[in-house]
Amino acid sequence: MKKLPSTENSYAPLHEMAMAPIRSRMLMAGIEMGIFDELTGFRPAGEIAEAIDAHKDNTERFLNALVTIGLVDKKNGLYRNRPAFSEFLVRRSPTYLGELLQMIEHMCLEPLDGLVGLVKDGPSSTTGQNDFASAELWARATRYSAAWVTGGAGSLMAGIVGELPEFKGFRRLLDLGGGHGMFALYFVDAHPSMTGVIFDRSAVVAVAEEFIREYGMQERLSVLAGDYLTDDIGENYDFIWACSTLNFARHDLDALFAKVKRALNPGGVFAALQDGMTHDQTRPAVMLGHLGDSMREDRDLSFEQGQIGDAMLRCGFRSVRSRTVRTPMGELDLDIARKDR
Ligand SMILES: C[S@@+](CC[C@H](N)C(=O)[O-])C[C@H]1O[C@@H](n2cnc3c(N)ncnc32)[C@H](O)[C@@H]1O
C-alpha cells in the first residue's frame, strides 16, 4: 500500500489568506450599497432590503455574512451596525471613511489585478491615472484622504505635538504638502492662538480652503499654492509639519530640508510623519499598499527607518528625536528635528 501523506505543518494561514478577499469585497459592497446607513438601529432584513432596493433573501444572506465578519450585530433576528465601526461606515457621520476605503481599493488593490504580468514582464506604467506621485491624483484624492485624519490620526498627532515643550510658544505653523490641511486644523484647534499656512499644489489647496471654511478657521489658517521643491514656502514659522509627502522629494531631500530649516525661526521645530521600512525592507506590512504602484512604475517611494532623521541632521538641525507611532493606518515614524536657538 502507498504511504498516505501526513504533515506536521498546518496550512490554516494559507486558507485564511485565500479567504481574506471575501471580507474586503463584502466591506466594499456594503459601502457601495449604503447598507450601513440603514443599520444604525436594529431592523429586520426585509426592511433593509426595501430601503436599499435589493433582493430580500440575498440581503438576508449578506447581512448574516456581515455579522460573521464582525461589521454587524444580530439579535432576535434583527440587524444593526457593530457600534465600534458604525461612525466610520455611515455616510452622514463626520468620521465617515467610505470614500477613503474605496480610494484605498482603487490605489492599492486594483494595480494588483495584473500582478502575475508585473512579476513576469516587469513594469507596465501607462503614466497612469493612479501613479502615486502624480499631481492629478492628489488633486482628485485630497477630499477623501482627509478622512484618515478626522478618523483618528488628527487627534492622535495633536496629542503628541501638543506635548512638545515648545508647543505653547508656537505662533505660526506650516503644513508642508498638507493636502486637505486637516492636520493643521487639529494643531491649531489644540492651541489658543497659533495661526498657520497649508502649502500644496493649487488644485489641492482649493480643497484645504473648503475645509478651513467648513470648520470656521479662516481667521487662523490660510493656504499657499506652489511646488515646495521649486517655490518659496514662506518664512517665520515656529513649527513645520510634513506628513506622508516627503516620498515625493526623496531624490532631493537635503535641498528641501535646507529650505525648511531656513523657513523656521530660531528654536523652531520640524516634524515629519512618514513610513519607515525596517527588517531589510520587509516591514511594516502597511507598505504592501504600495506594492502594485512600485512594481508598475518601477519606482520605490518608501523610506528606510532613520533615513529622514539622518537627512535632518545632515542639513544642520541641532537634534533629532524619533519614535514609531501606531496610527489606524499602520505604523509610521515621527522624526522631530530642532533648529538652533
Ligand atoms: C499623501 S498626500 C499627504 C497629505 C497630508 N499631508 C496627509 O498626511 O494626509 C501627499 C501630498 O503632498 C503633496 N505634494 C507632493 N509633492 C509636492 C510638491 N512638490 N509641492 C507641493 N505639494 C506636494 C501632494 O499634492 C499631496 O497633497
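## Overall architecture

A residue is counted as buried if 20 or more other C-beta atoms lie within 10 Å of its own, and in this predicted model buried residues make up 35% of the 341 residues in the chain. The secondary structure comes to 13 helices and 9 strands, while the C-alpha trace spans about 75 × 60 × 40 Å along its principal axes. Among contacts between residues at least 6 apart in sequence, 68% join residues that are at least 24 apart.

## Nonpolar cores

The largest nonpolar core contains 69 residues, and those with the most contacts inside it are Phe-187, Ile-240, Trp-241 and Phe-270. When neighbours within four places in sequence are left aside, Ile-240 is in contact with Leu-174, Leu-176, Val-260, Ala-263, Leu-264 and Phe-270.

## Strand S3 and its partners

Strand S3, which covers residues 172-176, is largely enclosed by the rest of the structure, because 4 of its 5 residues are buried. With strand S4 (residues 195-200), S3 pairs in the parallel sense over 5 bridges, and within this pairing Arg-172 stands opposite Thr-195. Between S3 and S4 the chain passes through helix H9 (residues 182-189), forming a β-α-β crossover that is right-handed.

S3 is also joined to strand S6 (residues 237-243), again in the parallel sense, by 4 bridges. In S6, Ala-242 is the bridge partner of Leu-176, and Leu-176 is also one of the residues in contact with Ile-240.

## Surroundings of the ligand

The shell around the ligand holds 17 residues, of which Trp-138, Gly-177, Gly-179, Cys-243 and Thr-245 come nearest. Divided by class, this shell has 7 nonpolar, 7 polar and 3 charged residues. Helix H7, which spans residues 135-145, supplies the largest share of the shell, namely 3 residues.

## Glu-60 in helix H3

Glu-60 lies in helix H3, which runs over residues 56-68. Glu-60 and Asp-275 are 215 residues apart along the chain, and their C-alpha atoms are separated by 41 Å.

How values were computed: Residues numbered from 1 in each chain as written. Predicted model: local features only at pLDDT ≥ 70, side-chain atom pairs only at ≥ 80, totals over all residues. Core = buried A, V, L, I, M, F, W, Y, C linked by C-beta atoms within 7 Å. Buried ≥ 20, exposed ≤ 12 C-beta atoms within 10 Å, placed from the backbone. Contact = placed C-beta atoms within 7 Å. Near = placed C-beta within 6 Å. Helix = DSSP H or I, 4+ residues; strand = E, 2+ residues; numbered from the N terminus. Nonpolar A, V, L, I, M, F, W, Y, C, P; charged D, E, K, R; others polar. Pairing = 2+ DSSP bridges. Right-handed = clockwise from strand over helix to strand, strands pointing away.
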